[in-house]
Structures are given as C-alpha cells and as structure tokens.
Amino acid sequence: MAISVFDLFKVGIGPSSSHTVGPMRAAFLFVSRLHDTARIHRVASVRCELFGSLGATGYGHGSVGAVVLGLCGEEPHLVDPVQAGPLVAAARAEGRIALAGKHPIAFAVDEDVVLHRTKRLPFHSNGMVFTARDAGGRTVERREYYSVGGGFVLDEDEAGGPVLREDATPVPHPFGTGDELVAIARRHGLRVSDVVLANEAAWRPERETRAGLLHLWSVMRQCVARGCSTEGVLPGGLRVRRRAPDLRRRLDTDAGATDMDRVTLDALAVNEENAAGGRVVTAPTNGAAGIVPAVLHHAARSLPGFDDDAAARFLLTAGAVGLLFKRNASISGAEVGCQGEVGSACSMAAAGFAELLGGSPEQVENAAEIGIEHNLGLTCDPVGGLVQIPCIERNAVASVKAITAARMAVQGDGTHHVSLDAAIRTMRETGADMKVKYKETARGGLALTVVEC
C-alpha cells in the first residue's frame with residue numbers, strides 16, 4: 001500500500017485546501033455521480049450542508065463559493081481563479097446554476113448552502129452533506145463527504161476507515177515510518193529522493209514523474225511572481241494590505257538585504273496569493289503553501305549547480321516526509337491545529353533542503369524532526385475565519401525555521417535523541433488533546449483577541 005507525492009502536492013486555488021479545494025472537489029464528485037448514473041436530469045434542487053470547521057469558517061475560507069463552483073462542474077486544478085469569483089457572483093444574483101455545467105436548476109446560494117456553525121458529523125470535523133431532489137421533493141441522491149486535509153476527500157463509503165486512501169499498486173520500497181525510510185535508503189545506498197522516485201515508477205514512467213514535479217515547481221514560481229507584483233487589499237473584511245510588492249521593491253534597492261529577506265518575501269507572496277483565491281500548490285495544505293516554495297526558491301538562489309534535477313529531488317524528499325505526516329498523524333488544521341499544516345510543511349521543506357545540501361538519509365530525517373519539533377502545539381486560530389492573520393506571516397517565519405533546521409542537521413552526523421516518528425506521534429497526540437476552539441474554528445486564540453480589541 002502506498003501513496004504518490006502527486007496526491008500530496010496538488011494545484012488548486014486559495015484560500016484553503018480543506019475548506020476550499022476539498023468542498024469544491026466534493027461538490028464536483030457529487031454532480032459527477034449524478035451525471036454518470038444518468039440521474040442528473042431528474043434533479044430540480046440541490047442542498048449542501050457544511051458541518052464542524054467548515055460550517056464555522058465557511059465564508060472566510062471560501063467554502064460557499066467552492067461548493068457553487070464544484071456543483072457547476074469546476075475542478076480545483078482546472079478552474080480559472082480570475083473567473084471563479086464572477087461565476088459565484090452570477091449564481092447568487094441570478095438564483096440559478098447549471099449542474100455539471102449542463103443541467104440548469106434554481107439555486108439560492110445563501111439558502112441552499114447551509115453552514116452549521118456548532119454541529120459536526122461523527123467521522124471528521126470537515127463534514128458535508130449533499131442532497132439532490134426532484135421537482136416533487138423526492139430525494140434523488142444524498143451523499144456525505146469529508147474534507148480530511150490537503151484537499152483529500154472521502155465519501156460516506158470510505159468514512160470509518162483510515163482517512164488516508166492508499167493505492168494497492170506494489171512499490172519497490174514501501175515505507176510507513178521515518179525509520180523505515182532511512183533504513184531502506186541506507187540498505188540500498190540511495191538518497192531519500194531516489195527511494196521515492198523508484199516508488200513513483202510503479203504508477204508512471206520516470207520522465208512523467210519528473211515532468212509533473214517540474215510543473216509543480218513552475219506553478220510555484222508563477223505564484224511567487226504574481227504575489228510579488230499584485231497590489232491591493234486582501235478580500236474578506238479585515239482590509240489586510242498585500243505587502244509583497246512593496247517589500248520586493250525595497251529589497252531590490254537595499255544593498256544590505258539578505259537572502260533570508262527574500263525567503264520572507266517569497267512566503268508572503270505565495271500566501272497573499274492564496275488568501276486572494278489565487279492558484280497555488282497545496283504543500284501539503286493551502287494555509288501552509290508558502291513554505292516549500294520559499295525554501296525551494298532559496299535553494300535555487302543559493303546552491304551552486306541548482307537545476308531541474310535538484311528541484312525534483314527537493315520535492316520528492318519533501319513529499320516523502322509529508323506522506324509520513326498524512327499517514328501517521330494529520331495535515332488538517334481542523335483536526336490537529338496549525339502544527340499539522342505549518343508544522344508539517346516546515347518539516348517537509350527542511351528535509352528537502354537538507355538533501356540538496358548533501359545530507360545523508362539520517363541527516364534528512366533529523367532536519368525533518370527539527371522542523372516539526374519546534375512547531376509542536378501550534379494552534380489554528382485564524383482571525384475572522386480568514387487565511388490571513390496569523391497565517392501569512394506564520395509561513396514566512398516557518399520558512400526561515402526550515403532552512404535553519406536543515407543547516408543544523410547537515411552540520412551533525414544524523415544522530416539525535418528524538419526521532420521524526422516520535423515527533424509525528426507527539427504531534428498527533430497533542431492535536432488530540434487540543435481544545436476544539438484552537439482547531440480552525442475562529443473561536444479561540446488570536447481569532448478572539450483581535451475581535452475583542
């Protein structure tokens with residue numbers, strides 16, 4: 001059983017992988033099910049109910065609009081971010097949508113998408129129920145879906161089992177823990193990225209894997225460029241000004257600017273794009289999407305001989321660590337707090353950079369452990385339910401932390417007292433102990449402090 005790095009790294013739109021990408025994907029799956037079973041033409045109305053964290057922060061995270069887009073047949077990796085907002089606005093104004101882009105029905109956006117702010121479904125905090133009815137009010141289809149982090153979606157048939165759906169395709173180097181990954185690499189004389197690349201070959205030719213990784217790197221670069229050049233104020237009511245363009249201009253003329261300043265800029269640029277609903281790479285979530293690109297940009301600027309192969313190795317190594325978090329804990333802020341998002345992304349970026357610095361498998365594992373160890377207990381407390389404060393700056397800080405973790409690790413011999421597996425287990429247990437109000441509900445922490453001020 002295994003999972004591909006392309007299940008972890010996805011192209012989508014902001015502001016949230018679990019609250020935007022997941023609901024859009026669920027809505028798309030629901031109407032696709034109706035279409036594929038030739039029942040879509042019987043449908044006269046559709047109702048979507050959002051529970052738990054989705055209900056508590058659905059407007060701030062763009063969940064309502066995401067549901068509309070998905071019902072209209074849009075997919076997260078294909079939807080045009082520029083046209084997404086106008087499409088939702090038109091649906092709200094006209095009171096109609098076309099299911100799967102083909103079957104028009106009456107649809108009142110603010111009535112037919114219901115946010116249950118204090119209720120949750122048993123399986124997971126990010127639960128959704130879609131119900132389609134015919135003209136006589138009879139149910140044509142009712143389906144539950146769960147957005148379990150990073151854009152992953154489970155339906156009701158998969159609920160109750162593991163939140164991570166793995167592929168039964170045999171891979172040459174299966175691993176489920178950090179210790180197993182290091183042992184495989186050591187036994188075969190491989191780098192961590194080599195292990196993952198060999199496993200990816202079970203699904204597609206190596207050239208396709210490399211092309212897919214370079215596409216992700218291209219989307220990341222485009223996202224940074226857009227974020228550095230787009231002026232304005234972020235949507236949502238907090239009136240947060242986009243800072244990346246001004247910071248870029250100042251750094252371009254500041255002889256004393258360091259590359260760490262550029263790292264901060266890159267992370268801010270990505271997460272401002274994400275907050276504005278732009279196209280990003282989920283890495284491993286949208287709320288933490290700036291960390292891997294910022295550290296990868298730092299590697300491209302600072303390491304001699306950086307090339308496409310280096311970018312691919314970085315992403316393969318980072319992906320290996322991300323899969324460990326997804327399998328053995330969670331990358332969902334609604335489940336374990338921001339330690340599962342920013343913490344796991346910091347760990348992933350640290351591992352990727354350590355490999356490019358020439359780190360051994362043991363040093364790569366150590367870098368990943370340092371990255372998460374110093375994010376343990378991090379709460380998810382978005383002000384106003386928006387992926388802006390403290391999310392944007394948090395990415396910048398974690399990017400610098402990842403670089404520090406990688407450099408610390410490669411200066412040692414890989415020996416350390418706390419393993420990555422132990423740190424991931426601790427993150428999971430800490431998340432289980434964390435109060436619900438600190439898990440992406442906007443009912444605790446900074447989310448309350450700022451409002452009360």
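Where in the chain does Pro 284 lie? Pro 284 sits in the loop between strand S9 (279-282) and helix H12 (291-302). Keep in mind that this is a predicted model.

1. **Pro 284 and its bond.** The bond from Ala 283 to Pro 284 is cis. Its omega is near 0°.

2. **Another cis bond.** Now go to the start of the chain. The peptide bond from Gly 14 to Pro 15 is cis, with omega near 10°. Pro 15 is also a loop residue: the loop runs between strand S1 (10-13) and helix H2. Helix H2 spans 17-36.

3. **A positive phi.** Look next at Arg 239. Its phi is near 60°. That is a positive value, and the residue is not glycine. Arg 239 is placed in the loop between helix H9 (206-229) and helix H10 (244-253).

4. **Where the domains touch.** Domain 1 puts 24 residues in contact with 23 residues of domain 2. The area buried between domain 1 and domain 2 is about 1500 Å². Carbon and sulfur atoms give 51% of that area.

5. **Polar contacts and salt bridges.** How many salt bridges cross the interface of domain 1 and domain 2? The rule finds 0. Polar contacts do occur: 11 residue pairs are counted between domain 1 and domain 2, with both residues at pLDDT 80 or more.

6. **The domain 1 side.** Three named elements each give two or more residues to the side of domain 1 that touches domain 2: helix H2 (17-36), helix H3 (52-57) and strand S7 (139-149). Which of the elements gives the largest share? H2 does, with 4 residues. By type, this side of domain 1 divides into 8 nonpolar, 14 polar and 2 charged residues.

7. **Aromatic pairs.** The structure holds 4 aromatic pairs. One of them joins Phe 123 and Tyr 146. Why is this pair called edge-to-face? The ring planes stand at 75°, and an angle over 60 degrees counts as edge-to-face. The ring centres are 5.0 Å apart.

8. **What that pair links.** Phe 123 and Tyr 146 connect distant parts of the chain, 23 residues apart. Phe 123 is in the loop between strand S5 (113-115) and strand S6 (127-133). Tyr 146 is in strand S7, an element that also gives residues to the side of domain 1 touching domain 2.

How values were computed. Residues are numbered from 1 along each chain as its sequence is written. This is a predicted model: local features need pLDDT of at least 70, side-chain atom pairs count only at pLDDT 80 or more; totals for chains, interfaces and linings use all residues. Side-chain values use heavy atoms; hydrogens and water are left out. Contact means heavy atoms within 4.5 Å. Buried area is the accessible area (1.4 Å probe) that two parts lose on being put together, summed over both. A salt bridge is a side-chain nitrogen of Lys or Arg within 4 Å of a carboxyl oxygen of Asp or Glu. A polar contact is a pair of N or O atoms within 3.5 Å; within protein, one must be able to donate a hydrogen and the other to accept it, and residues adjacent in sequence count only if both atoms are side-chain atoms. Ala, Val, Leu, Ile, Met, Phe, Trp, Tyr, Cys and Pro count as nonpolar, Asp, Glu, Lys and Arg as charged, and the others, Gly among them, as polar. Rings of Phe, Tyr and Trp (its six-membered ring) pair if their centres lie within 6.5 Å; planes under 30 degrees apart count as stacked, over 60 as edge-to-face and the rest as tilted.
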